[in-house]
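Here is a short report for a first look at this structure. Keep the sequence and the model open while reading.

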Amino acid sequence: MVTIKQYREKLLSALRAYRPHEDLVPQVRILLVGPVGSGKSSFFNSVKSAFQGHLTRQAIVGSDETSITEQYRIYNVKDGEGGKTLPFLLCDSMGLDEREEAGLCVDDIPHILRGYVPDRYQFNPCKPIEVTLFTYNTPPPLKDRIHCVAYVLNINAVNMLSDKMVAKLKKIHRDAVHCGVREVALLTNVNNCDEVLDDNFLNMTESVTSQRQVKNVQNMLNIPLANILMVSNYALERSLDPLKDILIFAALKQMLRAANDSLEDLLLKETASAKGSLKSRSRLGK
Ligand SMILES: Nc1nc2c(ncn2[C@@H]2O[C@H](COP(=O)(O)OP(=O)(O)O)[C@@H](O)[C@H]2O)c(=O)[nH]1
Ligand SMILES: [Mg+2]
């Protein structure tokens, strides 16, 4: 029987051993999207805390006007205090708002996915990004693209999302599919950690109290069951909790797997188009 501590270590080793694509993509990018207050910034803080071994609150969290994320932030995480930089980046976006012209402008998403948007970009809900601001017609390299989209949703609010919010999420889903990016759903505010984690630590989507929410997310965004993840972010705690760490690490592991799938696909696409342009060049040369 594996103890909680041993299982935590096992997950941690798997995450440490992860290597995306050493030369081309040293760090995969995970985009956190979802309604305002769903726990995106808290998830970054939680991941950072779990790796650091103590609670940290680098990203500002909360629901009052001053705490709402308005800048695009691309966060690095270190493996322990002063440790190595981990092979992933968490990209925190402005929250979605069900009102038009409020919150993240969904038309910004394709630019974010393709890697045009730099760290600390100030979002403007009323005005979509003009790509010409950042580039002169050169598409960003594979390493700058988003490799996994994580829909961050408060598990207690999943069944009450307004039609307008669902429409925005579905639009993002269509863009992600179009860009060849794999998706996961990250359900936050899970209270029944021990129920979610059974003896085999594998009970995530089968826990009785979360069945309806899981089904709902599955239908809404067509996300495979294995990619519907659950966490309980560090919010008011005073110390770390190995059960919470396990959920955080397990979610991250699945995000990295999804990112790998996107990478393989995107690499194949790039190779194919490079071959295509070589062929057409050699044809032109004849
Ligand atoms: N209990 C609990 N509170 C959470 C969780 N995730 C976020 N919160 C709280 O919800 C509020 C909004 O979180 P925040 O991370 O700022 O949401 P964001 O707008 O998506 O970045 C904050 O007060 C957090 O402390 C969670 O998993 N459990
Ligand atoms: Mg935020």
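Which element gives the largest share of the shell around ligand 1? It is α2, with 3 residues. Helices (H or I, at least four residues) and strands (E, at least two) are DSSP runs, numbered from the N terminus.

This is a predicted model, in which local features need pLDDT of at least 70, side-chain atom pairs count only at pLDDT 80 or more, and totals for chains, interfaces and linings use all residues. Residues are numbered from 1 along each chain as its sequence is written, chains are lettered from A and ligands numbered from 1 in the order in which they are written, and side-chain values use heavy atoms, with hydrogens and water left out.

## The chain as a whole

The chain holds 7 helices and 6 strands. Read from the N terminus, its elements follow the order α-β-α-β-β-α-β-α-β-α-α-β-α. Of its 286 residues, 52% are buried. Buried means under 20% relative accessible area, exposed over 50%, and partly exposed in between (1.4 Å probe, protein chains only).

The accessible surface of the chain is about 14,500 Å². Carbon and sulfur atoms own 51% of that surface. Such areas come from the Shrake-Rupley method with a 1.4 Å probe; for residues, only the protein chains shown count as cover.

## Around ligand 1

The shell has 15 residues. A residue belongs there if one of its heavy atoms lies within 4 Å of the ligand. G37, K40, S42, N189 and N233 come nearest.

| Residue | Atom of the residue | Distance to an oxygen atom of ligand 1 |
|---|---|---|
| G37 | backbone N or O | 2.7 Å |
| S41 | polar side-chain atom | 3.0 Å |
| N233 | polar backbone atom | 2.7 Å |

Taken alone, ligand 1 exposes 580 Å², and the protein buries 80% of that.

## Helix α2

Helix α2 covers residues 40-52. At 1.5 Å a residue, its 13 residues should span 18 Å, and the end C-alpha atoms lie 19 Å apart, which agrees. The expected span is 1.5 Å times one less than the number of residues.

Why is α2 described as largely enclosed by the rest of the structure? Because 13 of its 13 residues are buried.

S49 is one of the residues in this helix. Its relative accessibility is 1%, so S49 counts as buried. Leaving out residues up to four places away in sequence, S49 touches H54, L55, T56, Y234 and L240. After α2 comes G53, with a positive phi near 85°.

## Helix α1

Helix α1 takes in residues 4-17. Its 14 residues should span 20 Å at 1.5 Å a residue; the end C-alpha atoms are 20 Å apart, which agrees.

Which residues of α1 are buried? They are Y7, R8, L11, L12 and L15. These residues cover an arc of only 135° around the axis, so they sit on the same side of α1. The arc is that of the directions from the helix axis to the C-beta atoms. On the face turned away from the buried side, α1 carries the exposed residues K5, K10 and A17.

In α6, the buried residues are Q213, V214, V217, M220 and L221. Their arc around the axis is only 135°, which puts them on the same side of α6. They pack against β4 (148-154), α4 (163-179), β5 (182-188) and β6. The exposed residues R212 and N219 are on the face turned away from the buried side.

V214 lies in this helix and is buried, with a relative accessible area of 3%. Its C-alpha atom is 8.7 Å from that of I155, 59 residues apart along the chain.

N222 follows α6, and its phi is positive, near 55°. L225 sits in the loop between α6 (211-221) and β6 (228-230). At 37% relative accessible area, L225 is partly exposed. L225 and V214 are 11 residues apart in sequence, and their C-alpha atoms are 7.8 Å apart in space.

Definitions and conventions:
A polar contact is a pair of N or O atoms within 3.5 Å; within protein, one must be able to donate a hydrogen and the other to accept it, and residues adjacent in sequence count only if both atoms are side-chain atoms. Contact means heavy atoms within 4.5 Å.
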